[in-house]
Amino acid sequence: LQKLAASGAQGGGNADSKFAGAVELSYGGLDVFFGGLEGQVGAPDPKVYSAMEAEHTKKADAKLKFVTGNYGVTTSSEIEWWFVIDPTRERLARLRLEQWPAEGDSKLPERRHRRRPVPLAKVEEERDRVNERLRTIEQPEMTRFELVAGRLYTGPLFVKYNSVLRGGNGSGGKF
């Protein structure tokens with residue numbers, strides 16, 4: 001360790017890694033631990049789909065733009081919701097966008113590797129095939145809510161979700 005420190009080496013990989021610019025995590029006390037996830041983000045709404053839609057399209061930060069550090073995508077919760085739920089030209093027009101947000105040229109020069117809108121119905125067809133296999137091994141099926149949540153999390157919204165869940169944004173977990 002002394003040799004490493006003396007060499008001036010910086011840990012954590014290169015500046016282009018997914019952890020570049022990462023914030024330091026915050027830790028809470030026993031009250032936070034025993035409050036669980038509900039104590040951090042609130043009680044769940046029993047109307048899951050409508051609650052998810054409201055959270056992403058109607059809350060105070062729904063239109064707040066943010067940029068992902070890894071691929072330089074500038075977007076908002078509202079835009080990402082509709083990118084997953086209804087990625088149509090008509091929706092783009094309602095959002096007053098010419099195109100869906102995509103990775104920046106400097107971050108991902110090859111356009112064929114960039115994300116593209118995929119109709120939810122097409123993704124649900126694939127989910128249905130997966131669910132058939134899950135049934136054969138007597139496992140629970142993936143719901144529409146889980147599918148949507150998974151697609152949202154694996155897109156740019158991971159930035160907001162992780163910030164809230166890790167409490168690393170300086171606002172007590174509120175993005």
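This is a short chat about a predicted model of one protein chain.

Colleague: What are we looking at, and how many helices and strands are there?
Modeller: The protein chain has 8 helices and 2 strands. Helices (H or I, at least four residues) and strands (E, at least two) are DSSP runs, numbered from the N terminus. The model is predicted, so local features need pLDDT of at least 70 and side-chain atom pairs count only at pLDDT 80 or more, while totals for chains, interfaces and linings use all residues. Residues are numbered from 1 along each chain as its sequence is written, and side-chain values use heavy atoms, with hydrogens and water left out.

Colleague: In what order do they come along the sequence?
Modeller: The pattern is α-α-α-β-β-α-α-α-α-α.

Colleague: What share of the residues is buried?
Modeller: Of 175 residues, 27% count as buried. Buried means under 20% relative accessible area, exposed over 50%, and partly exposed in between (1.4 Å probe, protein chains only).

Colleague: Take α3. Which of its residues are buried?
Modeller: In α3, residues 48-57, the buried ones are Met52, His56 and Thr57. They sit on the same side of α3, because they cover an arc of only 105° around the axis. That arc is taken from the directions from the helix axis to the C-beta atoms.

Colleague: What covers the buried residues of α3?
Modeller: The cover includes α4 (77-85), α7 (144-153) and α8 (158-166).

Colleague: How do α3 and α4 cross?
Modeller: Their axes come within 7 Å and cross at roughly 135°. Axes are lines fitted to C-alpha atoms, for helices over the stretch in contact, with angles from 0 to 180 degrees between N-to-C directions. The two helices are therefore oblique to each other; angles under 35 degrees count as roughly parallel, over 145 as roughly antiparallel, 65 to 115 as roughly perpendicular and the rest as oblique.

Colleague: New topic: where is Leu95?
Modeller: Leu95 is in the loop between α5 (89-94) and α6 (120-136). Leu95 is buried, at a relative accessible area of 17%.

Colleague: Which residues does Leu95 touch?
Modeller: Apart from neighbours within four places in sequence, Leu95 is in contact (heavy atoms within 4.5 Å) with Glu78, Ile79, Trp82 and Trp100. Leu95 and Glu78 are 17 residues apart in sequence and 8.8 Å apart in space, C-alpha to C-alpha.
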